[in-house]
Amino acid sequence: MSPKPKMGRPPAEKLRKRIVKLRKAGKTQEQIASAIKRTRDVVAYHLREAGLARRVYRESAPVKYGKRLCAQCNKSKTIGAFPSPRDAVCRKCYRDRAKN
Ligand SMILES: [Zn+2]
């Protein structure tokens, strides 16, 4: 998955830098969105482009028989394998990501 080449220089570059800075300061996507007065989709987009979409706010998979799919490794895991019920990514994947 390589980033798509952009048509020209995106004027959003400054905005992205700001988003990245806020993200590194530990802000959530919602906090960043309200700080820059954009929607969370915009924030998520820029974090993805910057390779920082660590906390994925995509819909978590539905729970079936006490298990659900991890959005990262795509394995069916018990709910206890997720950091919180809202997290779409399992603990193991979180740890793997934290190493980077
Ligand atoms: Zn996983």
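I started with helix α1, which has twelve residues and reaches 16 Å from its first C-alpha to its last. That is close to the 16 Å expected at 1.5 Å a residue (expected span: 1.5 Å times one less than the number of residues). Helices here are DSSP runs of H or I, at least four residues, numbered from the N terminus. Just after α1, I found Gly26 with a positive phi of about 95°.

A note on the source: this is a predicted model, where local features need pLDDT of at least 70, side-chain atom pairs count only at 80 or more, and totals for chains, interfaces and linings use all residues. Residues are numbered from 1 along each chain as its sequence is written.

Next I checked confidence, as pLDDT (the predictor's confidence in each residue, from 0 to 100). The protein chain has a mean of 83, and 79% of its residues reach 70 or more.

Then I looked at α1 (residues 13-24) against α2 (residues 29-36): they pack at about 135°, axes 10 Å apart (lines fitted to C-alpha atoms over the stretch in contact, angles from 0 to 180 degrees between N-to-C directions). That makes α1 oblique to α2 (under 35 degrees is roughly parallel, over 145 roughly antiparallel, 65 to 115 roughly perpendicular, the rest oblique). On the α1 side I noted Leu15, Arg18, Ile19, Leu22 and Arg23, facing Ile32, Ala35 and Ile36 of α2 (contact: C-beta atoms, placed from the backbone, within 7 Å).

Notes
Helix = DSSP H or I, 4+ residues; strand = E, 2+ residues; numbered from the N terminus. Contact = placed C-beta atoms within 7 Å.
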